[in-house]
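Hi,

Here is the structure I promised to pass on to you. My notes on a few strands and a pair of helices follow below it.

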Amino acid sequence: MFVDYHMHTPLCGHAQGAMEEYVEEAIRKGLREIAFSDHLPFVHLPADHPWHGRYAMRMEELPGYCEAVLKLRERYPEITIKLGIEADYIPEKEKELEKLLSDYPFDFVLGSIHMIDGWPFDDPSLIDEYANRDIDDLWDRYFALFIAAARSGLFDSMAHPDLIKKFGFFPKANVQIHYEKAAQALAQAQVCLEINSSGLHKPIGEIYPSAAFLRACLARGVAVTIGSDAHKPTEVARDFPKVKELLRETGCREAALFTRRQKTLQPLTF
Ligand SMILES: [Zn+2]
Ligand SMILES: [Zn+2]
């Protein structure tokens, strides 16, 4: 594996380590290309909302984040460093998101669903809320948001595509229908699917997406991006041998790279 397109920085408030350390770890692990993809400020919340600095960087930090990535690019010519961002899809704020994303020279924009009606369902400290929810309904709503995000034209790749499985709450209904519909939306919109190894270290203990979801996407010609979702330097490219195994067993032979939002496909050599 030669690429890691998902890594954070301390700006989001829940990651550690200097940006240089992420780059140096990537070089040490033999990667040829990386993208920082820290959390974009929330366009639907006021600047002083407590979620800024907890889940995402503050609006006033965004220009400095972009400059820091561009500086690292000059400082480490031995590795290709892309300016990425991870943006929450906020359905009623598509225009605002589009504007904010166009204000900076991003190479790569990851789209994410971390919230269902204002509840950050992937935050372990808020896990009790699952007891108040109908899990079938939650999965329906997660995938409705995922599909709307894929179709929005705002994103290059959809991050941790089945994040809703994080704590192991599965619906009674067959999940395959969700995978098929999501795959269809990604294929039509020509948006990539992220293979994200961080799920291996969460209660579910499995890569995002599941092999079944990935297969549904590959069958429709959806391209993939690869990311560790590193929140510390040591997590860069974490468990990529397992990612490789999944890609091999599902017959995925290419990974997508992005420059100023333009996709190119690179063969995977294994
Ligand atoms: Zn995320
Ligand atoms: Zn992330």
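Let me start with strand 11, residues 262-267: none of its six residues is buried, so this strand lies largely in the open. Please keep in mind throughout that this is a predicted model. Strand 11 pairs with strand 10 (residues 254-259) in the antiparallel sense, over six bridges. Within that pairing, F258 has K263 of strand 11 as its bridge partner. The hairpin formed by strand 10 and strand 11 has two residues between the strands, and R260 there takes a positive phi near 45°.

Strand 4 (residues 108-112) is the opposite case. Five of its five residues are buried, so the rest of the structure largely encloses it. In a regular strand, side chains alternate between the two faces of the sheet. Here F108, L110 and S112 point one way from strand 4, while V109 and G111 point the other way, and all are buried. Strand 4 runs parallel to strand 3 (residues 80-88), and five bridges join them. V109 of strand 4 is the bridge partner of I85.

Now for the helices. Helix 6 (residues 211-219) packs against helix 7 (residues 240-250) at an angle of about 50°, and their axes are 10 Å apart. That angle makes helix 6 oblique to helix 7. The crossing of helix 6 past helix 7 is right-handed. Helix 6 contributes A211, L214, R215 and L218 to the contact, and helix 7 contributes L246, E249 and T250.

Best wishes

Technical notes
Residues are numbered from 1 along each chain as its sequence is written. Chains are lettered from A and ligands numbered from 1 in the order in which they are written. This is a predicted model: local features need pLDDT of at least 70, side-chain atom pairs count only at pLDDT 80 or more; totals for chains, interfaces and linings use all residues. A residue is buried if 20 or more other C-beta atoms lie within 10 Å of its own, exposed if 12 or fewer, and partly exposed in between; C-beta atoms are placed from the backbone. Helices (H or I, at least four residues) and strands (E, at least two) are DSSP runs, numbered from the N terminus. Two strands pair if DSSP finds at least two bridges between them. Axes are lines fitted to C-alpha atoms, for helices over the stretch in contact, and angles run from 0 to 180 degrees between N-to-C directions. Angles under 35 degrees count as roughly parallel, over 145 as roughly antiparallel, 65 to 115 as roughly perpendicular and the rest as oblique. A crossing is left-handed if the near helix is turned anticlockwise from the far one by less than a right angle, and right-handed if clockwise. Two residues are in contact if their C-beta atoms, placed from the backbone, lie within 7 Å.
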